[in-house]
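Hi everyone, thanks for coming.

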Amino acid sequence: MPKMKSNKGVAKRFRKTAAGIKYKHATKRHILTKRTTKNKRQLRPNAILPKCESASIVRMMPYA
């Protein structure tokens, strides 16, 4: 039986850890001059995906 393919978009955006699925916040790449300092600071730390959304992500990354 052939290997299952992982969704490459999901594989690049999420990492599986012991605590859960880790991801970076959106809208933190470029054109940051219009964002407030407070908003940029709040987007800084990586976040853990909620349990209710992690099942679909795990399904797209079968070997992670």
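**Starting from one serine**

Let's begin with Ser54, which is in contact with Ile21 and Leu49, leaving aside its neighbours within four places in sequence. Contact here means heavy atoms within 4.5 Å. Ser54 sits in helix H3, residues 51-60. When I say helix, I mean a DSSP run of H or I with at least four residues, and a strand is a run of E with at least two, both numbered from the N terminus.

Is Ser54 buried or exposed? Ser54 is buried, because its relative accessible area is 16%, and buried means under 20%, exposed means over 50%, and partly exposed is in between, using a 1.4 Å probe and protein chains only.

Before I go on, a word on where this comes from. This is a predicted model, so local features need pLDDT of at least 70 and side-chain atom pairs count only at pLDDT 80 or more, while totals for chains, interfaces and linings use all residues. Residues are numbered from 1 along each chain as its sequence is written, and side-chain values use heavy atoms, with hydrogens and water left out.

**The sheet**

Now find the strands. There are 3 of them in an open sheet, ordered E1-E2-E3, with antiparallel pairing. At the edges you have strand E1 (14-16) and strand E3 (47-48), each pairing on one side only. Two strands pair if DSSP finds at least two bridges between them. E1 and strand E2, residues 21-23, pair in the antiparallel sense over 3 bridges. If you're new to this, strands of a sheet pair through backbone hydrogen bonds, either parallel or antiparallel.

Which residue stands opposite Phe14? That's Tyr23, in E2. The rings of Phe14 and Tyr23 have centres 6.1 Å apart and planes at 50°, so we call the pair tilted. The rule is that rings of Phe, Tyr and Trp (its six-membered ring) pair if their centres lie within 6.5 Å; planes under 30 degrees apart count as stacked, over 60 as edge-to-face, and the rest as tilted. Phe14 is buried, with a relative accessible area of 14%, whereas Tyr23 is partly exposed at 23%.

**The core**

Phe14 turns up again here. The largest nonpolar core has 6 residues in all: Val10, Phe14, Ile21, Leu49, Ile57 and Met61. A nonpolar core is a set of buried Ala, Val, Leu, Ile, Met, Phe, Trp, Tyr and Cys residues joined through side-chain atoms within 4.5 Å. Ile21 and Leu49 are also the residues Ser54 is in contact with, apart from its sequence neighbours within four places. And Val10 touches Ile57, Met60 and Met61, not counting residues up to four places away in sequence.

Pro50 is in the loop between E3 and H3. Pro50 is partly exposed, with a relative accessible area of 37%. Along the chain Pro50 is 29 residues from Ile21, yet their C-alpha atoms are 8.2 Å apart in space.

**The pocket**

How much space lies in the largest pocket? About 260 Å³. The lining includes Phe14, Tyr23, Thr27 and Asn46. The elements giving two or more residues to that lining are helix H1 (8-13), E1 and E2.

On a 1 Å grid over the protein atoms alone, a pocket is an open set of points where a 1.4 Å probe fits, with protein on both sides within 12 Å along at least five of seven lines, and lining residues have an atom within 4 Å of a point. Grid points are joined across faces, edges and corners, and the volume is the space filled by probe spheres set on the points.

Most residues other than glycine have a negative phi. Thr27 has a positive one, near 60°, and Ile31 has a positive phi of about 55°. Thr27 is found in the loop between E2 and helix H2 (37-42), and Ile31 is in the loop between E2 and H2 too. Thr27 is partly exposed at 47% relative accessible area, and Ile31 counts as partly exposed at 49%.

**The tail**

Last stop: Tyr63, in the segment after H3. Tyr63 is exposed, with a relative accessible area of 59%. Leaving aside neighbours within four places in sequence, Tyr63 is in contact with Lys3 and Met4.
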